[in-house]
Amino acid sequence: MSCTQQPQGAAEYLCRFREILEEMISGMTTAPLTDSLSHNFIVQMIPHHQAAIEMSQNILQYGPCAPLREIAQNIITEQTKSIADMREALPTCETMKNDCQDICRYRRRFQQIIQTMFREMGNAPADCNLNADFMREMIPHHMGAIRMSQNALNFPICPELYPILQAIITSQEKGVREMRRLLQCM
């Protein structure tokens, strides 16, 4: 299938995307928060990553073009590993506490980031070209993860979280570049 050819199932794809988005929003906004920024980052990023995995599985059902198939498969692989890394780090990371001022500053910026991400994902143009639709949804998703990770790096966090944040930033910046390049070709 070419990158501009439209597969069957656009309505089903979009319906599932909306379900995934709602599940992510719920998971991120109802995660149990503590006085540990490291803990809070992890418990809110896991549903974020899970949504990326599910979004990628969703597009793979509709036979995306070869470059997009590779991007989706990389998202599944990288974010599955990242979730496992975060779960492994959580018991240690949740013991690192932060002061009230840092918690308030972190949460304020975090809320700004996720509200922008939720809005941009929800308002991503859907023109029934599933390849382009997926990328227009995933780019703000990835940008949200980059910004959330950068935000966490501005505060004292668990040492085990640093390499996870760097990996998120690196992999998702690469993904954004690849998707923007592919969108320009369509």
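Which handedness does the crossing of H1 and H5 have? The crossing of these two helices is left-handed. The model discussed here is predicted.

**Packing of helices H1 and H5**

- Two packed helices are described by the angle between their axes and by the distance between those axes.
- For H1 and H5, the axes come within 11 Å and cross at roughly 15 degrees.
- Because angles under 35 degrees count as roughly parallel, H1 is roughly parallel to H5.
- On the H1 side, the contact is made by Ala 10, Tyr 13, Leu 14, Phe 17, Met 24 and Met 28.
- On the H5 side, Leu 130, Asp 133, Phe 134, Glu 137, His 141 and Met 148 take part.
- Sorted by class, the contact of H1 with H5 has 9 nonpolar residues, 1 polar residue and 2 charged residues.

**Met 135 in helix H5**

- Met 135 lies in helix H5, which covers residues 130-152.
- Met 135 counts as buried because its relative accessibility is 0%, and buried means under 20%.
- Leaving aside residues up to four places away in sequence, Met 135 touches Leu 68, Pro 140, Met 179, Leu 182, Leu 183 and Met 186.
- Between Met 135 and Ile 71 there are 9.7 Å in space, C-alpha to C-alpha, although the two are 64 residues apart in sequence.

**Aromatic pairs**

- The count of aromatic pairs comes to 3.
- In one of them, the ring centres of Tyr 13 and Tyr 62 are 6.0 Å apart and the ring planes stand at 90 degrees, so this pair is edge-to-face.
- This pair links distant parts of the chain, 49 residues apart: Tyr 13 is in helix H1 (residues 10-29), whereas Tyr 62 is in the loop between helix H2 (37-60) and helix H3 (66-93).
- Tyr 13 is buried, with a relative accessible area of 1%, and Tyr 62 also counts as buried, at 16% relative accessibility.
- The rings of Tyr 106 and Phe 155 have centres 5.9 Å apart and planes at 85 degrees, so this pair too is edge-to-face.
- Tyr 106 belongs to helix H4 (residues 100-122), while Phe 155 is in the loop between H5 and helix H6 (161-185); these residues are 49 apart, and their pair links distant parts of the chain.
- Both Tyr 106 and Phe 155 are buried.
- Ring pairs join Tyr 106, Phe 110 and Phe 155 into a cluster.

How values were computed: Residues are numbered from 1 along each chain as its sequence is written. This is a predicted model: local features need pLDDT of at least 70, side-chain atom pairs count only at pLDDT 80 or more; totals for chains, interfaces and linings use all residues. Side-chain values use heavy atoms; hydrogens and water are left out. Helices (H or I, at least four residues) and strands (E, at least two) are DSSP runs, numbered from the N terminus. Buried means under 20% relative accessible area, exposed over 50%, partly exposed in between (1.4 Å probe, protein chains only). Contact means heavy atoms within 4.5 Å. Rings of Phe, Tyr and Trp (its six-membered ring) pair if their centres lie within 6.5 Å; planes under 30 degrees apart count as stacked, over 60 as edge-to-face and the rest as tilted. Axes are lines fitted to C-alpha atoms, for helices over the stretch in contact, and angles run from 0 to 180 degrees between N-to-C directions. Angles under 35 degrees count as roughly parallel, over 145 as roughly antiparallel, 65 to 115 as roughly perpendicular and the rest as oblique. A crossing is left-handed if the near helix is turned anticlockwise from the far one by less than a right angle, and right-handed if clockwise. Ala, Val, Leu, Ile, Met, Phe, Trp, Tyr, Cys and Pro count as nonpolar, Asp, Glu, Lys and Arg as charged, and the others, Gly among them, as polar.
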